[in-house]
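Please load the chain and keep its sequence beside it. The walk below goes from the overall fold to single residues.

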Amino acid sequence: MKKDFGITFMVAFFTVTMFLTGASVYKAIQTSDQAKASTEELKKATQAYADKKAKVEQDVYAYAKNNGSPEMKSIANHCLDESALKGISKKFFKIAFTYGDSKSYLARRSEAKEYATPSVVANRGLFGNGTKSSAEIVDTLNVSSRLENLTVFLTSTNGNVITGKAMAQYEMSTNGNQKTGTKTYSISYNTSLGKIVNVNELK
């Protein structure tokens, strides 16, 4: 009974915190409209809300994992695993899909090493072949790319390996002509290594 009350309290705390944080974001947006603040300020306010929401969610799930019933622990484990997969996937795919010239195009492979194993970073479908000549077309055609949105779903957990699917929505510009696209990947994250160990595009 005490455990269930504790979990109920945590959920209630989560709800109230999200309401208050959401209200602050709304206020920031409202103030921004009135003062014609920059889009960057809105992005910062929205990101602050997302970060706060994720932190509170983590606290609720961690509490349920340690104090809840078997059913609650199972749900909490699933949510914590999915959250971990989402977190590292967003960092990895933001790097993979973001560049504006040949220098930033080539730099992606080095930057991604923090979040993925060498075999993943060697994926030519994501990072090209890594040669300077292969990146020259980026400058020649004035190509730029950015990640618009990433949706991640957990499909299974086996020991230290969390597996799921990631759907990346991106925008690419070539000589001023913009287009949007979507690519879906299967992805595996090894929590003991702290890195993504497998990425395959699903076609």
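What follows starts with the whole chain, then takes the sheet, the helices and a few residues in turn.

This is a predicted model: local features need pLDDT of at least 70, side-chain atom pairs count only at pLDDT 80 or more, and totals for chains, interfaces and linings use all residues. Residues are numbered from 1 along each chain as its sequence is written, and side-chain values use heavy atoms, with hydrogens and water left out.

The protein chain holds 7 helices and 4 strands. Helices (H or I, at least four residues) and strands (E, at least two) are DSSP runs, numbered from the N terminus. Along the sequence the pattern reads α-α-α-α-α-α-α-β-β-β-β. Of the 203 residues in the protein chain, 32% are buried. Buried means under 20% relative accessible area, exposed means over 50%, and partly exposed is in between (1.4 Å probe, protein chains only). The protein chain exposes about 12500 Å², and carbon and sulfur atoms supply 54% of that area. The areas come from the Shrake-Rupley method with a 1.4 Å probe; for residues, only the protein chains shown count as cover. Now take contacts, meaning heavy atoms within 4.5 Å. Among those between residues at least 6 apart in sequence, 54% join residues at least 24 apart.

Turn to the sheet. Its 4 strands are ordered β1-β2-β3-β4, and the sheet is open with antiparallel pairing. Two strands pair if DSSP finds at least two bridges between them. The edge strands are β1 (143-158) and β4 (195-202), and each of them pairs on one side only. From one strand to the next, the twist averages 25°. Helix α3 (residues 70-96) packs on this sheet and touches β1, β2, β3 and β4. The direction of α3 makes about 155° with that of β1. Axes are lines fitted to C-alpha atoms, for helices over the stretch in contact, and angles run from 0 to 180 degrees between N-to-C directions.

Look at the pairs of strands next. β1 and β2 run antiparallel and are joined by 14 bridges. In this pair, S144 stands opposite S173 of β2. The two strands form a hairpin with 2 residues between them. In its turn, G159 has a positive phi of about 65°. Strands β2 (residues 161-174) and β3 (residues 177-190) pair in the antiparallel sense over 14 bridges. Here A168 has K183 in β3 as its bridge partner. In a regular strand the side chains alternate between the two faces of the sheet.

G164 and I187 are 23 residues apart in sequence, yet their C-alpha atoms are 5.4 Å apart.

Now the helix pairs. Two packed helices are described by the angle between their axes and the distance between the axes. α3 and α4 pack at an angle of about 160°, with their axes 8 Å apart. They are therefore roughly antiparallel to each other. F92, I95 and A96 of α3 make this contact with R108, E111 and A112 of α4. Helix α4 (residues 102-112) also meets helix α7 (residues 132-140): their axes come within 8 Å and cross at roughly 135°. That makes α4 oblique to α7. Angles under 35 degrees count as roughly parallel, over 145 as roughly antiparallel, 65 to 115 as roughly perpendicular and the rest as oblique. S102, Y105 and L106 in α4 meet K132, A135, V138 and D139 in α7.

N123 sits between α5 (118-121) and α6 (124-127). With a relative accessible area of 21%, N123 is partly exposed. Beyond residues up to four places away in sequence, N123 touches R109, G128 and V199. The C-alpha atoms of N123 and N200 are separated by 8.9 Å, though the two are 77 residues apart along the chain. N142 lies in the loop between α7 and β1. Phi of N142 is positive, near 55°, and the residue is not a glycine. N142 is partly exposed at 47% relative accessibility. N175 lies in the loop between β2 and β3. N175 has a positive phi of about 50°, although it is not a glycine. With a relative accessible area of 48%, N175 is partly exposed.
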